[in-house]
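Here is a short report on one chain. Please look at the sequence and the model first.

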Amino acid sequence: MRLPVADRSAYTCYSETMTKHDPSVDPRDAIEIHPSDRVVVLTGAGISAESGLKTFRDSDGLWAGHRVETVATPEGWEADPELVWQFYSQRRRECRASCPNAAHYALAELEQEIGDRLFLCSQNVDDLHERSGSRNIVHMHGELFKSRCEANCGAPIIEDSNSYNSLAEIPRCACGARMRPHIVWFGEIPLEMTCIQREIDRCSILLVVGTSGAVYPAASFVHWARMRAGTPARTYYVGPEAPLNAVAFSRIILGKAGDKLPGLFRVL
Ligand SMILES: [Zn+2]
C-alpha cells in the first residue's frame, strides 16, 4: 500500500526547486536499497536547522539570558515551570512558522516507496517529518506539540499546541498535577528505546542525518548496527561536517541534507 505524502501546495514556502537533485551527487554514489533491505534513519538537529529551527548549540547554551539547563531539566521545571513553559511556547511558535525542507520530503518519499521497511527515528521534537508525510516515525526525545502529566499518573499524553506564559495558564491534569511538555529533558531516559533497538538489530542500512555524534545513546546507534551479531549494517552519514563518531561509518557524505538526500536513494 502506498502511503499518502503531504500535499506540498499546503506549504507556501515550499519550492519545487527544493527537490531538484544536487548535481554533485553522482548517481553511482546512490545508496542502493534492495527488496530485502530494511533501513533505519536517525535524524538530528541539523535537518531541522536547515528549516531555520535553532539548536541548543546555536544558542551558545543560553536562552533569553538563562542557561539551557534551567529550561531543559527536571530540576529547572521544579524551580520555575513558568519559565519552562515560556521557552517551549516560543519553540512551538517558531516551529509553526517553519516548513519541512527537501531532506524531510526525501525521507517521506522513501517511506512511500519502501513502506514499513523504513523506520525513522528522530532526535528532534518538531513535527517537520510528519508535515512532510512521514508516518513510521518515533521521536526519542519527545514531541513539541504534546503535553503530559508531570506526576505520570497514567493519564494519556495529549496533543497540545497552546502557549502558556504565566503560572495561572499552566493546565492541570485530572489528577491535579501540572501538565508539562512531552519532552525528554537532560537526565531523563529517551523514549521508545526497545523499539529502536529492535529496528537497529534487524536493519541492513543505517543512515544518520545531521547529528553531532555527541549525544548518547543516539551516538551509539552506528556502533550497535555494526557490532551486533550477524552481518553488520551498511552505515552512512549525511551532514555538513563529519560527526565525532565518523570513524564508525562506512561512508560520510558531506553537505546539507536538503541537497544530498534527494536523489541519494536508488530503490531496486
Ligand atoms: Zn495526572
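## A loop residue

Glu-192 sits in the loop between strand 9 and helix 6 (193-202). Helices (H or I, at least four residues) and strands (E, at least two) are DSSP runs, numbered from the N terminus. Phi of Glu-192 is near 65°, a positive value in a residue other than glycine. Glu-192 is partly exposed, with 14 other C-beta atoms within 10 Å. Burial counts other C-beta atoms, placed from the backbone, within 10 Å of a residue's own: buried is 20 or more, exposed is 12 or fewer, partly exposed is in between.

## Basis

This is a predicted model: local features need pLDDT of at least 70, side-chain atom pairs count only at pLDDT 80 or more, and totals for chains, interfaces and linings use all residues. Residues are numbered from 1 along each chain as its sequence is written.

## Overall

The chain has eight helices and 13 strands. Of its 268 residues, 36% count as buried.

## Strand 9

Strand 9 covers residues 179-183. Five of its five residues are buried, so the strand is largely enclosed by the rest of the structure. Strand 7 (residues 142-149) runs antiparallel to strand 9, and four bridges join them. Two strands pair if DSSP finds at least two bridges between them. Ser-147 has Pro-181 in strand 9 as its bridge partner.

## Other backbone features

Asn-152 lies in the loop between strand 7 and strand 8 (158-159). Its phi is also positive, near 50°. Asn-152 is exposed, with 11 other C-beta atoms within 10 Å.

A cis peptide bond joins Tyr-216 and Pro-217, with omega about 10°. Pro-217 lies in the loop between strand 10 (205-209) and helix 7 (221-227).
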